[in-house]
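Trainee: Could we go through this model together? I'd like to know what stands behind the words we use for it.
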Amino acid sequence: MALSTEEYLKIGNFFNEVLSQYNYHVAPIAPAGKPGKIIKSVREYRLQLINKNQDTSEKLISSLGSILQNASKDITSVQYNKISPNSSKFPSYGFKYQGQNFDLVIGRGANKGENFETNTVTGLASAFSTSKSNSDYSDVIRQLNEANKEFASVEIKSVTQRKGSTKKEGIAIEKLGAIIGDIVLTDTTNNNWYVSLKDVNGDTFSSYSGAASLFDMKGELQPKSAGAEFLNAFGVDLNEIQAGFDLRNNKKVIRKKIKVEKANQQEIKKIFERAWGMNYYYVRKMPNGWKVFWMDRKKLNDFAGNITVTDIRYPTLKSKQITIYCGNKYQSYIIELRNSKAGEYPNDTKFKIR
């Protein structure tokens, strides 16, 4: 039976009190927790580091089980999860209290990409407010100005990290820059300019959420799923995928033949249009300098049009990944379908630049 919002908030406050000594608190954006990201019947609390540059997650992980068991005799079924059922990468502790299942997801310290983003925000903010010629980021600012004449004509008054949802579903392509952007540059007219920031290893530029629909719980490929529809656009043989996973899992089953579709450039273009989005800056740190461009309609047409598939790699005994190699005269790509939670069947899709 679900508890009241007030009771959930009290539980959140309790965790804030006992976990502060471990440099943790409940995410301020959801102090009363929220329905699980994946398992909606579970009450999920995101535990975040107070000081993200000091990763004390291992200390908390070793102590949290005892904390829960000693907190109340009504807390039962305490269990540590190496990967939370509500997260693709973070561990958690699950428990039951007053008939309700809970999941405490333990966030970790800022990774290299997050630190890079924070440092870049600080550097750009300083560069826009001081002499640009003396800044380490002067080359970035010069390229931002060259890539968009409208941007070059305005003054920037603030540089911040974008917060909020990263879900692209239902958002018009023209407005995806506000979702894709990591950094927000606000000018003196209060117009926002969005920057998608990548470090030197940042070859991934987009993801796709439909991969998890490709197989059911029994390991049977679903030919009418969103995942299958995605693969059909690239001319992927779904029979080969099923055969690869059957081989990996020693399943000797006679399967009904699935029709193999031809690669469809129009559908592929639509997929890449949503993968890239538009109306934002792409900024990537390179071994020497920066790569900067403004993603407008022309650039999007160049990057998404006339894409051909050059190779497809199917699952084998040694690999459970599905890989699509494709591209056009402007850009080459790799699309990877894999399981991001160390499971067997794909649940995640990454678009990468080659």
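Trainee: Which backbone oxygen lies 3.2 Å from a polar atom of the side chain of Ser206?

Mentor: The backbone oxygen of Ala275 does. A quick word on ground rules: this is a predicted model, where local features need pLDDT of at least 70 and side-chain atom pairs count only at pLDDT 80 or more, while totals for chains, interfaces and linings use all residues. Residues are numbered from 1 along each chain as its sequence is written, and side-chain values use heavy atoms, with hydrogens and water left out.

Trainee: Thanks! Why is Ser206 called buried?

Mentor: Buried means under 20% relative accessible area, exposed over 50%, and partly exposed in between (1.4 Å probe, protein chains only). Ser206 has 7%, so the residue counts as buried.

Trainee: What does Ser206 touch, not counting residues up to four places away in sequence?

Mentor: Lys168, Ala275, Thr349, Lys350 and Phe351. Contact here means heavy atoms within 4.5 Å.

Trainee: Which strand holds Ser206?

Mentor: Ser206 lies in strand S10, residues 204–208. Strands (E, at least two residues) and helices (H or I, at least four) are DSSP runs, numbered from the N terminus. S10 belongs to an open sheet of five strands, ordered S10-S16-S15-S14-S13, with antiparallel pairing.

Trainee: What makes S10 and S13 edge strands?

Mentor: Each of them pairs on one side only. Two strands pair if DSSP finds at least two bridges between them. Strands S15 (residues 332–338) and S16 (residues 348–353) have six bridges in the antiparallel sense, so they count as a pair.

Trainee: Now the charges. How do you know that Arg142 forms a salt bridge with Asp139?

Mentor: A salt bridge needs a side-chain nitrogen of Lys or Arg within 4 Å of a carboxyl oxygen of Asp or Glu. The closest N and O atoms of Arg142 and Asp139 are 2.3 Å apart, so the pair qualifies. Arg142 also forms a salt bridge with Glu146, at 3.1 Å. Arg142 and Glu146 are four residues apart in helix H4, which means about one helical turn between them.

Trainee: Why does Glu146 count as exposed?

Mentor: Because Glu146 has 58% relative accessibility, on the exposed side of the cut-off. Arg142, at 40%, is partly exposed.

Trainee: And which parts of the chain does the salt bridge between Arg297 and Glu273 link?

Mentor: Their closest N and O atoms are 3.0 Å apart. The pair links distant parts of the chain, with Arg297 in helix H10 and Glu273 in helix H9, 24 residues apart. Glu273 is buried at 12%, whereas Arg297 is partly exposed at 30%.

How values were computed: Polar contact = N/O pair within 3.5 Å; in protein donor to acceptor, adjacent residues only side chain to side chain.
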